[in-house]
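Reader: I am new to this structure and would like to learn how to read it. Please take me through some features, one at a time.

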2 protein chains.
Amino acid sequence: MHTSIATVSLSGSLTEKLAAAARAGFGGVEIFENDLLASPLTPEEVRARCADLGLSIDLYQPLRDVEAVRDDVFARNLRRARHKFALMRRLGADTVLVCSSVSPDAVDDDSLAIRQLAQLADTAQEFGIKVAYEALAWGRHVNTYDHAWRIVEAAGHPALGVCLDSFHILSRGSAPEDLAGIADIPGEKIFFLQLADAPLLAMDVLQWSRHYRCFPGQGGFDLVGLLRRVLAAGYRGPLSLEVFNDVFRQADAGSTAVDAHRSLLLLREAAGAGVLPPAVVPTGIAFAELLTPDAEPVTALLTALGFTRAARHRGKPVDLWQRGEARILVNTAATARRDGIRLAAIGLESPDPAGAARRAEALLAPVLPRRRGPEDVPLDAVAAPDGTELFFCAPASASTAATASASAAAFAPASDVPELPDWRADFAELPDAPATSATRIDHLALTQPWHHFDEATLFHRGVLGLTAEESVDLADPYGLLRSRAVADADGSVRIALSVGAAPSDDTVHAQHIALATDDVVAAARCFREAGGRLLPVPANYYDDLAARYEFADGELETYRELGILYDRDAHGAFRHWYTETVGRVFFELVQRDPGYQGYGAVNAPVRLAVQHARR
Amino acid sequence: MHTSIATVSLSGSLTEKLAAAARAGFGGVEIFENDLLASPLTPEEVRARCADLGLSIDLYQPLRDVEAVRDDVFARNLRRARHKFALMRRLGADTVLVCSSVSPDAVDDDSLAIRQLAQLADTAQEFGIKVAYEALAWGRHVNTYDHAWRIVEAAGHPALGVCLDSFHILSRGSAPEDLAGIADIPGEKIFFLQLADAPLLAMDVLQWSRHYRCFPGQGGFDLVGLLRRVLAAGYRGPLSLEVFNDVFRQADAGSTAVDAHRSLLLLREAAGAGVLPPAVVPTGIAFAELLTPDAEPVTALLTALGFTRAARHRGKPVDLWQRGEARILVNTAATARRDGIRLAAIGLESPDPAGAARRAEALLAPVLPRRRGPEDVPLDAVAAPDGTELFFCAPASASTAATASASAAAFAPASDVPELPDWRADFAELPDAPATSATRIDHLALTQPWHHFDEATLFHRGVLGLTAEESVDLADPYGLLRSRAVADADGSVRIALSVGAAPSDDTVHAQHIALATDDVVAAARCFREAGGRLLPVPANYYDDLAARYEFADGELETYRELGILYDRDAHGAFRHWYTETVGRVFFELVQRDPGYQGYGAVNAPVRLAVQHARR
């Protein structure tokens with residue numbers, strides 16, 4: 001089905017919006033009147049620009065406060081409408097959105113609304129234009145889709161139909177039985193379908209609509225259920241996004257449009273109206289790759305953490321550092337010093353790397369070259385919205401996992417998936433690498449660009465097939481952070497996405513790699529003895545722990561001595577500590593009781609305060 | 001009365017918060033537990049730091065989920081409380097805030113709550129501590145102040161009183177009769193008073209409280225009425241601000257603390273509990289001063305606008321440009337080129353300049369030196385929150401206003417206020433200045449720093465005595481702007497304050513000076529003929545005007561030709577045009593029908609789009 005987006009959903013000038021919509025693969029646009037008014041292009045030029053870009057103009061919107069008024073007022077409204085219809089002819093748009101009136105002039109008289117809307121449709125028809133009548137959730141007298149439909153049905157005019165808008169329908173808390181009436185509307189009388197999601201906020205509906213809408217799958221509405229009903233009614237028109245959102249108004253139009261189109265493709269798939277390559281859920285984290293202009297600070301930290309340099313890339317200055325099942329690539333190629341040390345790529349173990357990449361590509365993720373160098377193993381890779389490179393890798397073989405301390409085994413081709421290239425074949429094993437104790441990557445924490453938090457969550461859910469947990473607010477000394485984890489069913493892949501309170505916040509909020517341990521205390525002591533620097537934790541934190549929990553003799557003193565943080569939920573405890581930050585990266589060691597599902601979010605304010613203070 | 005602020009209201013580390021509170025003149029603080037936990041200072045060190053800064057620790061908060069639970073749970077809660085009471089001894093805090101329970105463990109049994117709170121108060125008393133019990137608006141069983149008071153009254157314990165919190169009381173939409181019960185609480189049983197305002201939002205009360213509170217006078221609550229009642233009940237404890245706000249969490253603690261303390265001083269004055277020098281409302285705009293590294297672009301623009309250079313400062317490179325009653329100072333002193341051209345100072349005509357400055361100083365505005373040079377006329381001046389210098393000037397004499405075109409008269413001392421120094425005495429009149437046609441400054445538009453919009457509004461209201469109009473949202477192509485005008489009763493002084501959608505937005509959103517004209521068309525033609533460049537307005541804008549209004553023959557064509565914008569309200573029309581921007585400043589010419597009260601906000605999106613495109 002044809003996909004479309006209202007220009008109001010994107011930032012910038014009209015030409016910027018059109019270019020972004022086309023680049024993201026939309027088939028059409030709704031022209032929002034204010035965007036046209038502010039544009040130096042004539043309607044004819046806009047029409048030509050859209051044609052050049054391969055965009056149809058699916059809707060012109062909105063025409064407000066037309067119906068159910070005194071005849072002299074209606075005559076003025078009709079005059080206004082004629083002007084707009086003439087404009088639409090120049091623009092080449094054949095459907096106009098008419099919102100139910102919010103004017104104090106409007107009276108509660110359906111028969112008057114019916115008569116005047118029919119008259120409006122007559123006039124529209126002269127111009128070859130169709131009128132799509134939409135019930136605003138805050139319309140003065142008409143504020144439900146079924147009321148709008150009763151009026152349209154009674155008018156019985158071929159140029160008059162309804163526009164269904166998911167926000168206006170679902171923001172009223174419509175129960176499934178309230179939506180049953182959609183089946184009664186003949187598909188051909190649904191002239192347009194506007195889709196927007198929204199977080200479930202208990203707030204004034206007008207403010208909610210104007211500032212907090214979001215793309216499908218990023219809020220709390222059952223858009224899949226609604227779309228299924230509208231399609232079952234026989235609607236075959238565009239699926240169009242109309243999203244008023246304060247963040248999208250500021251964000252780069254290009255990436256917002258990609259996010260928008262991805263959301264619509266996922267919605268279409270979920271409603272059974274579009275086919276995408278199926279999701280291939282990653283089964284583990286093969287590696288994390290750090291880019292650094294200088295290996296020393298990173299390797300010193302890895303060494304103290306018990307990693308050893310296990311292999312070296314055959315063609316590039318990239319070393320593989322390993323401890324048990326945790327693998328870190330340290331890449332010193334072509335990085336400017338000002339970029340510092342950062343987490344640049346993640347290897348995800350995938351049962352079908354090519355399939356995973358096909359889905360990502362179909363969902364608009366930039367595909368990266370399969371080979372970096374002529375001798376490199378071909379690997380499927382795409383870029384996540386934050387620019388992190390995701391490599392889809394063949395999983396380690398069962399035997400590798402069972403003998404984690406024998407690093408030699410880690411470089412044998414994975415025997416159970418012999419047809420897949422192994423990324424480790426690019427690396428030459430170093431003969432003298434000592435055995436290491438077991439660990440694995442518990443989770444990765446990635447700071448997202450300010451405007452793209454919801455996009456990142458949807459990407460990891462929709463593209464990678466991970467499940468998103470609830471979003472939590474974390475108090476940083478200089479603003480609130482939002483954080484949301486995505487994970488697979490058994491916790492083999494966990495990624496904590498976070499975003500700062502303001503665009504400037506990304507300097508402190510580094511990325512981090514959390515390693516699992518069975519003994520967080522021993523791990524801390526080893527790290528310290530190896531010269532590592534633990535993030536210090538204020539004594540006051542431990543006084544509070546003492547007030548909140550009872551500990552075994554000496555336990556709390558040990559935590560206090562080492563800087564170990566503690567959390568507990570109904571299922572178990574979580575003990576964790578942090579290293580100092582190098583560049584934009586730090587490590588965490590976590591000991592997770594079976595059943596504990598969180599990430600120690602309750603301790604984040606203390607950790608952030610200390611990190612700020614030590615900057 | 002003693003003023004206090006909760007550390008959670010300010011950003012940064014605990015030491016930054018304490019320093020900011022002290023610098024802004026607060027007498028005390030509430031220590032928010034999380035701020036202490038994240039601090040490397042011991043409680044004793046915090047106590048000493050506060051003492052050094054002259055701050056009392058008026059409250060430790062919060063102790064949550066204590067009362068109305070099974071006895072074994074209560075025993076654990078009491079153990080937790082003991083830990084906190086011991087901590088408070090170290091801190092030197094003698095009052096603890098206990099919030100009504102939100103725990104699922106709590107039962108709806110007042111007698112249990114009474115017994116357990118009395119037991120808690122017994123324990124507190126051992127430590128010399130008083131318990132202030134507060135009803136959270138979302139408390140599980142206790143969520144109104146009168147319910148909390150009934151429990152406290154029944155407990156009858158000397159160490160147990162209530163904490164009244166304006167947010168929790170007024171967010172429930174309490175009618176005046178609901179507040180009558182405050183008079184029944186003996187003043188000495190009100191252990192604490194927390195004050196916060198909030199915009200009147202229809203939203204979930206917990207979200208509203210955690211993210212949208214603001215300082216008194218910046219929201220919609222009747223805090224004056226509440227404070228009067230609490231004082232009438234006999235309360236003599238601290239007036240303390242507890243404001244959870246996403247913006248303040250990010251803003252500089254120093255200026256937030258000043259804003260906070262100013263709001264509290266104004267509230268105290270309004271409730272009749274504190275005396276400030278009375279407001280002296282300005283009666284006109286004496287001048288606007290532009291700072292520029294290079295006079296040429298500014299003087300070219302002023303010349304095209306019909307200004308002439310009328311006088312020159314006796315000691316500094318400052319020229320006075322004048323047209324009618326509009327006076328612009330062009331200052332080329334000591335400005336770095338990178339600062340560009342900006343509006344740096346405003347002269348406000350005041351019937352009592354010294355009195356105006358006294359009030360500003362009492363309300364924490366930085367006072368500027370009265371004399372810049374040894375020969376300068378002494379002038380009272382303060383800095384507004386955005387850094388704009390405000391000079392309080394003797395008004396022009398009546399005769400000056402009547403003979404606006406006779407520039408010579410403008411430099412005579414104002415005859416009706418002979419005792420006041422005239423700022424114009426610093427300027428030597430240029431003998432050959434030609435007469436100019438009449439105009440005056442209609443309004444000034446000032447872009448505010450991102451985090452300080454509400455502060456700016458309160459400053460102009462509270463310090464200058466201007467009246468604030470409703471805040472409006474303006475759609476910019478790259479985000480929503482907020483704009484709010486402040487004005488005196490007859491519109492002699494109008495200032496439009498605005499703020500961008502994000503911290504980075506202040507580059508485009510220049511300041512501007514709007515000049516009044518009786519004939520906007522003639523003014524545009526003159527400007528153009530004099531070589532001035534009008535901001536072009538898209539043709540589509542005029543097509544829309546044609547749809548919305550009927551114009552006299554040729555009228556719309558003239559507007560279209562010249563780029564004149566049009567608005568209309570119930571009282572009249574507003575016609576206006578803009579110049580191109582020089583540096584960070586542009587001019588507007590406005591023709592305001594009598595009665596029209598706005599600023600053409602409906603046209604702002606078009607103007608902003610054009611300005612963005614021409615950047």
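Predicted model: local features only at pLDDT ≥ 70, side-chain atom pairs only at ≥ 80, totals over all residues.

Reader: Let us begin with the sheets. How many strands make up the closed barrel of chain B, and in what order do they run?

Author: Strands of a sheet pair through backbone hydrogen bonds, in either a parallel or an antiparallel way. In chain B, eight strands form a closed barrel in the order 1-2-3-4-5-6-7-8, with parallel pairing. Neighbouring strands of this sheet are turned by 30° against each other on average, direction ignored.

Reader: Which bridges join strand 1 to strand 8 in chain B?

Author: Strand 1 (residues 3-6) and strand 8 (residues 239-241) of chain B run parallel and are joined by three bridges. Ser4(B), for instance, has Ser240(B) in strand 8 as its bridge partner.

Reader: What lies across strand 3 of chain B?

Author: Helix 4 (residues 71-91) of chain B does, and it also lies across strand 2 (28-32) and strand 4 (95-99). The helix runs at about 165° to strand 3 (56-63) of chain B.

Reader: What should I look at in the peptide bond from Gln61(B) to Pro62(B)?

Author: Look at omega: this bond is cis, with omega near -15°. Pro62(B) lies in strand 3 of chain B. In chain A, a cis peptide bond joins Gln61(A) and Pro62(A), with omega about -10°, and Pro62(A) is placed in strand 3 (residues 56-63) of that chain.

Reader: Are the residues of strand 6 in chain A buried or exposed?

Author: Strand 6 (residues 160-165) of chain A is mostly covered, with six of its six residues buried. Strand 5 (residues 130-134) of chain A pairs with strand 6 in the parallel sense over three bridges; Ala132(A) has Gly161(A) as its bridge partner there.

Reader: Now the aromatic rings. How many aromatic pairs does the structure hold?

Author: A pair of aromatic rings is described by the distance of the centres and the angle of the planes. Over all chains there are 36 aromatic pairs. One of them is formed by Phe167(B) and Trp208(B), edge-to-face at 5.2 Å centre to centre with 75° between the planes. Phe167(B) lies in helix 7 (residues 166-170) and Trp208(B) in helix 9 (residues 205-211) of chain B, so the pair ties together parts 41 residues apart in sequence. Both residues, Phe167(B) and Trp208(B), are buried.

Reader: Where does Ala68(A) lie, and what is its phi?

Author: Ala68(A) is in the loop between strand 3 and helix 4 (71-91) of chain A. Its phi is positive, about 60°, although Ala68(A) is not a glycine. With 5% relative accessibility, Ala68(A) counts as buried.

Methods. Residues numbered from 1 in each chain as written. Chains lettered and ligands numbered in written order. Heavy atoms only, no water. Pairing = 2+ DSSP bridges. Helix = DSSP H or I, 4+ residues; strand = E, 2+ residues; numbered from the N terminus. Axes fitted to C-alpha atoms, helices over the stretch in contact; angles between N-to-C directions. Contact = heavy atoms within 4.5 Å. Phe/Tyr/Trp six-rings, centres within 6.5 Å; stacked < 30°, edge-to-face > 60°. Buried < 20%, exposed > 50% of the residue type's maximum accessible area, 1.4 Å probe, protein only.
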